[in-house]
Amino acid sequence: MNQYEIDHLATVRENAPESIVLLASDGSFPLAGPGELALYGAGARRTIKGGTGSGDVNSRHVVTIEEGLERAGFTLTTKAWLDAYDEVARANHADFVADIKARAKEAGVPALIYGMGLADPAPAFDIPLDGGGEAAVYVLARDSGEGNDRRPEAGDVGLTDSEIRDIRALQDKFDKFLLVLNVGGVVDLTPVKDVRNILIVSQLGAAIGDSFADVLLGRAQPSGKLSTTWAAWEDYPAVGDFGDPDDTHYREGVYVGYRYFDSTATAPLFPFGFGLGYTSFELSAPAVAVSGSEVSATTTVTNTGGHAGKEVVQVYVSVPAGRLDQPYQALAGFCKTDELAPGAAQEVVVSFDLADLASYDEARAATVLEAGDYVVRVGTSSRDTVPAAVVHLAEAAVVRELHDALGDPGFTDWRPPSPAVVEIPDDVERLSVEPAALRRADRCEPVDLADAQAFVKGLSDEELAYIVLGQYAETADKQSIIGQASEALVGAAGQTTTRFEGLPSLVMPDGPAGLRISPEVGVDADGKFPLGAALGGLFAELMDEESLKAFGLDSDQEPRVPESTFEQWATAIPIGTAIAQSWNPALAEAYGDLVGAEMDHFGAHLWLAPAFNLHRSILCGRNFEYLSEDPLLAGRVAAGITRGVQGHPGRGVTVKHFAFNNQETNRLNSNSHVSKRAARDLYLRSFEIVVREARPHAIMTSYNLVNGVHTSESAELLESILRQEWGFEGLVMTDWVVHGMTRTDMKNPRATASATIKAGNELFMPGCEEDRQDILAALRGGAGAAVRLSRSELEKQAARVVRMARALAGQ
Ligand code: BGC
């Protein structure tokens, strides 16, 4: 193992416990020392380090939970059960692959596209639970991935009868029983909600087994908090729809996650922000102060229990409803303590700008705060707060005048028919804020492109078109090969053009759970190439003749024989949701720094991460990559990751997928119908926070449409909102439009290179000759061209690419 791998694994192992959420505890854990242990469940040996798809990172080794426990000195009494389960899982997987192939055939879709992102459903089994020991641990596992959504059924969101039976039996048999959830998203815990000890270990990357063993033995403390509400499946809102291949209506408006549960007084199983530790904490009565528009709440947190731990102080505000309806409360700020020893105390100050709580008023195309009483609540989860102050605003204030953008969803947002009433407490401090202090007038100057423009002026139309596309081989008339579009860094998802001397090329590996690159590389006379399948796992199993044909790949090609080989192992870090569960932007920054160091090592410029579309529905197949249902938590954690990566000169992040990409079903052609208010207050808000706070070097548009226009083709989104309102100065690129992955039999078309370039999305990825011809046709303006593109428009977009290539790769 290389030194960087050793160091980075140690960092991940040490930090991961901050992402582990203890949901239920009767004090049986941690264990005093390693002894005999009964270990069961799908995730015990087949531990999932992170979900599947473009975010799956190749680490040299993943420490499973079984291995981590044995390394820590436990004697596992259930090896026979684990062996027997392996057999069940193998047969289940074979059936699953055969089933996908059959269904794909029936649907007339290549198996790879049909099955992308599907995960083995949890199988039925009945293996005797005869292991003994001091305690029992049952590791329930769920996987999901890019390209498909989860299902609200047993074996996915629901537990299977086999799982429920065994979990209940173990809880009865053992005094000390721990249910461990090795999951990337929510599972409906209703049938096992009485289990005395439940821990979300989540999916923590390469060192997951070691981190879990550390927590089980109390050598590290679980201090994670939920970044998304965990409820019974039936209790999630069924107001808007989800998963339609053509049109998805976000009718629930701003009532997503806890905003829905709190406003409708629906009890979740475990609320947003909730998480126990091995210890307990007390918060002193908070003192609230206002200065200008800044509100700060100060409280002293004391560790009142018998173990060390960290607590997260959370501040929520109930914004008064007026002309605009308002959710019961919204997260306004948060702060995690240091690790506090038993008896130790720390003063914590949580500050926020009241202006950041403004809502978008569609009637006047501005964000506003209405007159009234703003109730400030302080606590340790969304359902465990005390009112600490009332801040009065005498007159309505306009915060920002904005563009009236993004079109019409075709409906009016739902409102709760009888919303939970916000009581205005009269026994707390009353403060006030002046309306004038809330006014914001951002001045965003356009980026100076003069030098880059001088370079592009000397190029022909034919040449210019290359610059706004990713690098592709001369032979790639229809598409670049997925997962192999970079020549410089094998396994990186793509890079900008290499065709011009003196113009550096930006190399882009995927994320977000680390750097996704090929672990083993061969070199022959033609250059570098990945050894083994470029895309492993299910991708490789589904790559049948049909799929090869769809991707323009040649099945008869002679395998390349390497003259020499080398390795490129990266470190798999925790999935996005786990990082968000730390509620610790500084820790997120440490993970970003780790990735930045590996980018330095491998010569990558733009990391295709972090990904932080909101958890609108627990069914989204990529929620594990994403961070939270709340835009503030998501935005601040993503800003931390961004600062960590970009602390390395010449390295940048690519925040994605901008925006309204909250489902995987038909993601390339699906149309998200969203109101302007929900768009601004929720879905764009997290991106805005990152852009304003951490200035990411790049942003990736999503595949989908919003209110009938592809996000990548929306000048309103990219020029008016992103650049003019938020002052974004980086590079905008598309998500990977690979022609083989594109369905042409859908209601909505896919995005085109010419229209994205015209809209201010200057880099169409990964690029191929057909895309270049599309741009040239738009320039010529002949019949058949979807849009008309002028030479100066193309020059401007090419100059943006040139500027960023020089700024990053030129260093
Ligand atoms: C995914 C992106 C990813 C890109 C490049 C796409 O299919 O949606 O998240 O960055 O591929 O691999």
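Okay, let's start with Leu 181: the residue it bridges to in strand β6 is Ile 200. Strands here are DSSP runs of E at least two residues long, helices are runs of H or I of at least four, and both are numbered from the N terminus. β6 covers residues 198–200, and three bridges tie this strand to β5, with the two running parallel. I say two strands pair when DSSP finds at least two bridges between them.

Quick housekeeping. What you're looking at is a predicted model, where local features need pLDDT of at least 70 and side-chain atom pairs count only at pLDDT 80 or more, while totals for chains, interfaces and linings use all residues. Residues are numbered from 1 along each chain as its sequence is written, and side-chain values use heavy atoms, with hydrogens and water left out.

Back to the sheet. β5 is residues 177–182, and on to β4 there are six bridges, again parallel. One place to look is Tyr 138, which sits opposite Leu 179 of β5. Between β4 and β5 the chain goes through helix α6, residues 161–173, and that β-α-β crossover is right-handed. By right-handed I mean that, with the strands pointing away from you, the path from the first strand over the helix to the second runs clockwise.

Now β4 also pairs with β2, residues 36–40, in the parallel sense over four bridges. There, Leu 39 has Val 137 of β4 as its bridge partner.

So, buried or exposed: how do the residues of β4 come out? Seven of the seven, residues 135–141, are buried. The cut-offs are relative accessible area under 20% for buried, over 50% for exposed, and partly exposed in between, with a 1.4 Å probe and protein chains only. Ala 135, Val 137, Val 139 and Ala 141 point one way, Ala 136, Tyr 138 and Leu 140 point the other way, and all are buried.

Zooming out, the whole thing is an open sheet of six strands, ordered β1-β6-β5-β4-β2-β3, with mixed pairing. The edges are β1 (21–24) and β3 (75–76), each pairing on one side only.

As a reminder, most residues other than glycine have a negative phi, and most peptide bonds are trans. Phe 29 and Pro 30 are joined by a cis peptide bond, omega about 10 degrees, and Pro 30 belongs to the loop between β1 and β2. Then there's Phe 660, in the loop between β26 and β27 (671–673), with a positive phi near 65 degrees. Why do I call Phe 660 buried? Because its relative accessible area is 2%. Arg 695 has a positive phi too, near 45 degrees, in the loop between α17 (685–694) and β28 (698–701). At 48% relative accessibility, Arg 695 counts as partly exposed.

His 657 is part of strand β26, residues 652–658. Lys 656 has a side-chain N or O atom 2.8 Å from a ligand oxygen. Arg 622 puts a polar side-chain atom 2.8 Å from an oxygen of the ligand, and for His 657 that distance is 2.7 Å. On its own the ligand exposes 310 Å², and the protein buries 93% of that. Those areas are Shrake-Rupley, 1.4 Å probe.

How many residues surround the ligand? There are 13, and the closest are Glu 146, Asp 510, Arg 622, His 657 and Asp 735. By type, the shell splits into five nonpolar, two polar and six charged.

Last stop, β10, residues 294–303. This strand pairs antiparallel with β8 over three bridges, with Glu 282 opposite Thr 302. Thr 302 also stands opposite Ala 345 in β13, where the antiparallel pairing with β10 has nine bridges.

Definitions and conventions
A residue is near a molecule or strand if one of its heavy atoms lies within 4 Å of it. A polar contact is a pair of N or O atoms within 3.5 Å; within protein, one must be able to donate a hydrogen and the other to accept it, and residues adjacent in sequence count only if both atoms are side-chain atoms. Ala, Val, Leu, Ile, Met, Phe, Trp, Tyr, Cys and Pro count as nonpolar, Asp, Glu, Lys and Arg as charged, and the others, Gly among them, as polar.
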